[in-house]
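Please find my notes on this model below. They go point by point through packing and pairing.

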Amino acid sequence: MKKISIKFFISILIAIIFTVDINIPPGTALAILYIVPMVVTFGESKRMIVFFAVICSVLTIIDDVVYFNPKIEYNIFADSILAIIAIWLSSFATIKYKTLKERSEKRKEKEGKAIVEMLFMTSHRLRQPICSI
């Protein structure tokens with residue numbers, strides 16, 4: 001059985017959210033659900049996180065364009081703007097967390113190498129006097 005790609009899963013998730021969002025009349029803040037795919041993209045590259053954030057933002061705008069009517073209250077558009085802000089904040093938070101995690105892993109690896117080197121030097125220093133006896 002093949003493993004489902006995370007990119008495919010995120011794409012399907014975005015498509016489901018868009019389908020539900022486009023079929024429900026304006027006034028419900030379903031676009032905020034686009035935060036879920038942004039969090040799921042944690043394992044992906046920074047470029048891919050930004051790509052999915054752009055896709056989610058464009059789909060939110062498309063939803064507003066489809067339902068555009070001059071008689072619609074502008075608070076509906078404010079909901080979409082807030083959803084887009086939330087999408088980008090969650091994607092930037094995901095990128096920042098990922099960057100901090102990568103730095104932490106590099107630091108741990110560097111400290112681990114330093115400990116191994118120190119143990120190697122200590123063992124050789126202890127072995128030298130014992131060998132001279």
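The points below cover the model, its core, its contacts, its ring pairs, its surface and its charges.

1. Basis. This is a predicted model: local features need pLDDT of at least 70, side-chain atom pairs count only at pLDDT 80 or more, and totals for chains, interfaces and linings use all residues. Residues are numbered from 1 along each chain as its sequence is written, and side-chain values use heavy atoms, with hydrogens and water left out.

2. Core. The largest nonpolar core has 12 residues: Ile10, Ile14, Ile17, Ala31, Tyr34, Met38, Phe52, Ala53, Cys56, Leu59, Ala83 and Ile87. At least two core residues come from each of helix H1 (6–23), H3 and H4. H3 gives the largest share, 4 residues. A nonpolar core here is a set of buried Ala, Val, Leu, Ile, Met, Phe, Trp, Tyr and Cys residues joined through side-chain atoms within 4.5 Å. Buried means under 20% relative accessible area, exposed over 50%, and partly exposed in between (1.4 Å probe, protein chains only). Helices are DSSP runs (H or I, at least four residues), numbered from the N terminus.

3. Contacts of Leu59. Contact means heavy atoms within 4.5 Å. Leaving out residues up to four places away in sequence, Leu59 touches Ile14, Phe18 and Tyr34.

4. Ser91 sits in helix H4. Is Ser91 buried or exposed? Ser91 counts as buried, because its relative accessibility is 1%. Beyond four places in sequence, Ser91 touches Met38, Ile49 and Ala53. Val50 belongs to helix H3 (residues 46–66). Its relative accessible area is 32%, so Val50 is partly exposed. In sequence, Val50 and Ser91 are 41 residues apart; in space, their C-alpha atoms are 6.9 Å apart. With residues up to four places away not counted, Val50 touches Trp88 and Ile95.

5. Aromatic pairs. How many aromatic pairs does a search of the whole structure find? The search returns 2. Phe51 and Phe52 form an edge-to-face pair, because their ring centres are 5.5 Å apart and their planes stand at 65°. Phe51 is partly exposed at 44% relative accessible area, whereas Phe52 is buried at 5%. Trp88 and Phe92 make a tilted pair, 5.7 Å centre to centre with 45° between the planes. Both of these residues lie in helix H4, 4 residues apart, about one turn of the helix. Trp88 is partly exposed at 22%, and Phe92 is partly exposed at 47%. For the cut-offs, rings of Phe, Tyr and Trp (its six-membered ring) pair if their centres lie within 6.5 Å; planes under 30 degrees apart count as stacked, over 60 as edge-to-face and the rest as tilted.

6. Surface patch. Val50, Val54, Val58, Ile62 and Val66 make a nonpolar surface patch of about 350 Å². Patches take residues with over 30% relative accessible area and no salt bridge; nonpolar side chains (Val, Leu, Ile, Met, Phe, Trp, Tyr) are joined within 5 Å, like charges within 9 Å. Accessible areas come from the Shrake-Rupley method with a 1.4 Å probe; for residues, only the protein chains shown count as cover.

7. Charges. A whole-structure search finds 1 salt bridge (a side-chain nitrogen of Lys or Arg within 4 Å of a carboxyl oxygen of Asp or Glu). Glu109 and Lys113 form this bridge, 3.7 Å from N to O. The two are about one helical turn apart, because they are 4 residues apart in helix H4 (residues 75–132). Lys113 counts as exposed, at 54% relative accessibility.
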